[in-house]
Amino acid sequence: MTKRRKWTAIPGLLALAAGAVMLSAYSGASTSQKSSPVQPIAFPHPVHVQKLGMNCLYCHNAANKSMDPGLPAVSTCIGCHNLIGPDRPASDLGPARKSAELAKLYKFADVAGVGAGMGPNAKPIPWVRIHKVPEYVHFPHTRHVNAGVTCQTCHGQIQKMDRVYQFASLNMGWCVSCHVNGYSAKEGLEAAGYETVPGSTPAAQGAATPAAVPAADRKKARYDCANCHY
Amino acid sequence: MTAPTAITNMTQDIKKPGVKRREFLKVLGLSTTAIAATACSEDAGHLIPYLVSPDQTVPGVSTYYASTCRECSAACGLIVETRDGRAIKIEGNPDHPLNHGALCARGQSALQGLYNPDRFRMPMVNEGGTWKAITWEDALNRLSAGLASAKTSGKAGGTVFMNQHESGTFPRFLDTWLGSLGMPAHLSVDFEADSAAIEANQRSYGVAWPFLSFKDADLIVSFSADFLDGWGANVPQQLDFADARAKLGDAPAFVYVGPRRSLTGLNADSWIACKPGGELVVANALLGKGSVDQAVTDAGLDPKNAAALKKLATLVAASKHILAVSGVRGDNALDVALAAAELNKAHGAVGTTIKPAQPLLGFEGIAHTDQVLAAVEKMRSGAVGVAFVRGVNPAHALPKAANFADAFSKVGFKVSFTSFPDETSELCDLIIPDLHSLESWGDAEPIRGTIGLMQPTMDPVFKTNSRITVMAPSTADVLIQVAKKDAATAPKFPAADYRSMLIAAFPGGAAGLDAALPKGIVAGNLPNRAPRAAAPGKSTAGAMGTGDLTLITYVSPLLGDGRGANKPWLQELPDPVTKICWSTWVEIHPETAVRLGIDRGDILEVKTAAGSVKAPAFPYLGVHKDTIAIPIGQGHRSKGATPTFNPMHQDKNQVQWGYGRYSRNLGVNVLDLIPVGTDAGGGLILTATKASVTKTGDHETLPSTEGSARQHGRGIAQAINVEDLNRPAGGDEKAEESLPGDASHAFLPGLRSPVAADAQGDFGAPTAENHGKDKGLYDPNDIRGMAKRRWAMTVDLARCTGCSACVTACNAENNIPTVGAYWQNATIWADQVPGRNIARGREMNWIRLERYFEGNPDAKFGEDFEARFIPMMCQHCGNAPCEPVCPVYATYHSPDGLNVQVYNRCVGTRYCSNNCPYKVRYFNWFGYGEEGRKQYAFPEPLNWQLNPDVTVRGKGVMEKCSFCVQRIREAENRAALEHRDVQPDEFTVACAQGCPSRAITFGDAADPNWTVAQQIGDKRAYHVFEELNTYTAVVYLKKVNHLASAVTAPRA
Amino acid sequence: MATSASPFPGGQRPNIPSAAVKFPAIKDYEQVDREIAGTLGPSLGWFAALGIAILCLLVGGSCWTYQVYEGLGAAGYQPPVMWGVYIVTFVFWIGIGHAGTLISASLYLFRAGFRTSIYRVSEAMTVFAVMTAGLFPILHLGRPWKFFWLIPYPNWRLIWPNPKSPLVWDVFAILTYLTISSTFLYIGLIPDIAILRDRETNPMRKSILAMLSLGWRNSDREWRHFTRAYLFLAAFATPLVLSVHSVVSFDFAMALTPGWHATIFPPYFVAGAIFSGIGMVFTITIPLRKAFHLEHYITLNDLDAAAKLCLFTSTVVGLAYLTEFQVAWMSGNHFEQDYFWNRVFGQWAWAAWIMLICNCVLPLSLWSQKLRRNPNWLFILSLFINLGMWFERFVIVVPSLSHEFEPWQWGAYQPTFVDYGILLGSFGWFFMWFLLFIKQLPVMAMAEIKEALPPRMAHPFDDEHDLTAGGVDPSYEGGAH
């Protein structure tokens, strides 16, 4: 290798760098994915959804008729929990125990004790936000819910999350890929833990892979910019 | 940044307005790294839920409340759109008998009164010249103490209460309250009212304001009566006038007689330019009390104008149902008004075009300027112990010559219930701010037989932890509280508060009220008001001074008597006639201007006997050559030294005296030039002052949106003479020329489909293959998952009067920033002058009213000219020139035929604007939408008004009319929720909804069931710049000229 | 002098004017090396000039920083004039570049002798001009930090630049131009760098020069490859002279705007570009020639020839102006006619007349040979030409936009200190690079000049004996004088 050859490496390195940059753009990585902040009250979805079989819409009551899913008012919590207090007697839900989280709830709602209503000093619970589409996107929950898109498609196995984390990347590539490739009711239901064909085992995790269902059976959606950006 | 969201809208914590979520460009600033353009990564903030969720509200879905407008005396009905507890838009109430869903710019701007950052947040007391905020309790105690002392001093009888004129229960309640304290009835003041007209109406028809039915007239004659811009009940008159004009062939001709051609005058078919006061001569001539030829000379007409007058005389003679109205504000005002009434009676108007049977009660019982002046003199005499003002600003709206301040200072105890820091409040001792009408209970009687209701549409913007009530009380509640403190008066006011009082008095009680609230109106009559005291004889006109010119002062159609000046929307909205904003100007006829060597923008000094002001000149064809005209409304000043407002370091508690940051030190108050004198109707004489004009040598660029006032034969605003209307289409060349696109609407095929390609025959119906084929995001033919639509619009120029209400409607709907405030300019080496951005053509209004002049090319006085108004917004071309040139697809063609602007993709090359023939794209030169910048257009709490469905644009991006795409999506979402298609005429866009002339129609041109699809086939239909092959989605219907005036060139 | 075994078998290379005509004042290779390499030592005047240039650059830089913070409103844009000084200056600098390529590449193909002494300067000028021009499309953006969206890079969002937009074409045109012209400049430099390497004593600098010279050993093989590569690049660069500025002209020609929408724009822009470029060549070389005492290299003949080219392009530009008016006149398009009337007699008449006088009237003086051979006059004229060509672009951009279809939106334009600051900064940026260049690398292609000299006396010629180009053989040392 003569003296003058080694400089030919430089352009090669530059090319590699450029390639790396492009790949990073293509990957559509999102820094907030999987983030799982600590909540003021550790609300256990599994207990409410899986054990008690509550419907998502009981608390997120606007999800099927508004842009925003809606969060339960404190009064909604107290509606049940002024009967189910921190001191839990033994029941079919388990042995007697004290619940620190419910104590917090009573503190927020300023409830004196079981049976008592909300006091004058009740204040809203400052839930830490987890799922958030970029600032300039209009995401109508109503359109998706009414199109039969199951919650699990975007929020993952939320009914199993003791502590909720961001399941999807929520960036534009993720949105567009579903609008372009289409949504499969079958996969959505399986993601939600329903049996689509008798005897089939529910999908273990999250949304299905696009390859699984033929394109024809997928519900496609408009994906021109003004659909969400305006 | 912490990014509150639609869900945070639910919070009751005002520090987090939900709209901030839309201020996205602040996030995508330099901080955003090059490749990781995903904005997901920043802190998502908190979600604050309700404590107890209110009934029938769904987060993120609007709730609508009916209410009544308080911006002028007419009291139109409102529908207030509220989202998550905040009022975000005001629209007309479609069920209301007065305005039928229409609303003027002033009414829509009430929101900026509600959210005005300069509203008093607390009661305030003036202690030795320094103002300090006090608690409500303290304020009430001080008030009662003041009343008590007045009683003991025996001056209670001399008390003066000036209240903004309103109909309904409150005035009577007020009088009972005053009576209970042994005080005289209040003065119900409206400085805008035309006293002479009201007096004449009383004498001739027995009512203050009969309903004027332009529809039924065969000839409309206006003697300086500006019924389209401020004279009387604006909106209903405009609606009716537009309906009359929409009769095209059968529509009444309209002649305007007066020294200044106002907006109303510009809508006339012919203008008879008499000298101020000359209307009387003309009216008498028309009545046969004098020869027409004599009138020409006596009325100061130009000989060239004689023909028009003769024509008018013949028309009047032939007229069966004339409608003659007089709005003269000179010394002979009453005489002209009576003459007009006589004319009406002579030509079968009463009962057909003038309907005393259905009077507008909003004009009953107005205390006119003569009574106000009398009260002022009473104050000067020291006989007044206590004086109250509520919603009126005599310190600004009375001539300087009346020297109100001096008289007011003689009053022992001065209380203001006004919620803005205006000139009068500054002179008071105690300020107990009233709630805004959108925050309080009340009622009004717009028209006999109908009660309009007012209900709080949201919690008060500025809540207080007062111990009296949970939230700030309205003035009525304050008065009740005070009355309750005194054992003597308490029994007269059993009700807990004003609301329960209203319910008690309401037919059907609480249940009746609840039943009536959804519609906002209910049939019924309130007990009649006491008729106003007879007007005194006219004052000496000698005080009018001398000078070679006559000064015409007129009430601004937008700012009114000045009460609108603190609302940036109204400041930013160009005056319909001169197209100037954020300023005062002097209108002078070009001929006179040339004679005096005055150019547009030269600063003139106008001198009269009463005083002098300096303002820039605006040469205007529409004023008599021996007059100058200056609008009332600007010139708000604080009596103290006013530091220039600094948006960057503002102290929320510092009171912005001088009527707030948006109006202080803007322009001049022309009333400084007016001597004190009232006409026989009791109104201030506005058009008789003699003045002289001198050039100061200074010059300024007028903050005007007007480029060239002439069309240069480009056929933008087209008109057709009424006799050509029924000419068979096609035919000879001239016909083609005068009716472009009429013979065969070349543009129709293009309009019927989302893309103009259809018109060129290479798109066709969607086939299986162009279904399956995925041509990527930008394929205009990709109609996957949606009906084939072409959103389109028609604008009927025969209806459009140029009132500009659509502009404000658009501003409110689309979060359009106002950019004219003097601090909204660059920081370094940039002059901080009001309207500087406008003067540099940087206005942002997505829809603009172009006002072109036709005829009289050499601006000779006496030669008639025609004005044409045309609303110009994005034309949503099928072949949009802006689309191919954008390097990043930030603007593209949507499958439903919209020309879309994607703000977050825009990099700001501005190429699209260069290539737009209609010049309807607007660029964010500064961070108008970015909080914390000096140019920020929505200082708290103005940003509460922002529409959560529309992005607030940051600096460096292009924006333009979106055809209210958010409303289209909302309708589609609703339809999808109900599993149906969007129904024809199911929704409309903001400008169309707000238009008081019903000139704009929006819809789907591809579906024949929509109204718009039928209108685009009209024979008057044409495209602007059709020759450019843009296939626009906006179709204009030609204006129709009635008196075939020589000025109407066919295609110009 | 005898011409037996010269380094170029077969005697003199064809088509190179004989030394007697070309460089009468140059005696031998050694003189070339001495005099040209002698220009490299930094001098006080040079430092002063560089200081001024960097100062201007700082002014421009701070103006831009302020503009990015405050928003584009800090500049003087007045809608409908949405493009202003920045685009004008962009086109101006792109134009400057073209003469460089024309002289160095096209004229090389035509074997035009007078290019030899001035092509290095013009080629460097090209590269730096393009570097300057390339800044403007970015700094005139509303959101400059998003400029990379104009570059097609794969991304998950399936979003690409718009291939229909002339601005995207610009990106490619400019990048191509920058690549080719800088490569061309560098290739041409290699033999000269080798000379400097061999004369260099400072080991640090020597190693850098060695690196840059790619180990040039002046062997016959290297010369063969070199001339091939050079010829190839010249052929490659020549079409760029036409294509790049045509693409730039599309920014306007592709638009609807009256005054822009004209098919004549590409040739018209190219001619203008070359014209302005030659103007800039004069502006640069004539002072250089004086400062470095290179009068006997850049001879009056060279200037004369360049001046003729200048005169020619000037007349082409003039013709283009007339054609524009004639087209508007005969088009029957009243938008077009209004605009052109407004251009010469309307609110922008002053700019139009500056343009016409500087670009069409003054250059006519070059019909006189006396003036053509008068460096002082050429220098003054060149300043006027630069001015005139800047105003040509101004007249194209601003009046067209201010007087478009919609009379209601007709407007004016008043640049602010930010515009002027950035304009100044662009000159600072350009001259900073240029000044750095002329003190690091020879402003004249020594090797090519030597080609134009009579061959040296005979001496044994073999591959082992490394002939450093121009490095004088000891055996020849004595016989020279």
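This is a predicted model: local features need pLDDT of at least 70, side-chain atom pairs count only at pLDDT 80 or more; totals for chains, interfaces and linings use all residues.
Residues are numbered from 1 along each chain as its sequence is written, and side-chain values use heavy atoms, with hydrogens and water left out.

**Nonpolar cores**

- C:Phe252 is also one of the residues that touch the most other members of the largest nonpolar core, which has 370 residues; such a core is a set of buried Ala, Val, Leu, Ile, Met, Phe, Trp, Tyr and Cys residues joined through side-chain atoms within 4.5 Å.
- Helix 4 (residues 85-109) of chain C gives this core its largest share, 16 residues.
- Another core, of 35 residues, lies apart from it, and B:Phe161 and B:Val478 are among its members.

**Chain B**

- Of the 1052 residues of chain B, 69% count as buried, where buried means under 20% relative accessible area with a 1.4 Å probe and protein chains only.
- Chain B holds 30 helices and 38 strands, which are DSSP runs (helices H or I, at least four residues; strands E, at least two) numbered from the N terminus.
- Among contacts in chain B with a separation of 6 or more, 74% come from residues 24 or more positions apart.

Notes
Chains are lettered from A and ligands numbered from 1 in the order in which they are written. Buried means under 20% relative accessible area, exposed over 50%, partly exposed in between (1.4 Å probe, protein chains only). Contact means heavy atoms within 4.5 Å.
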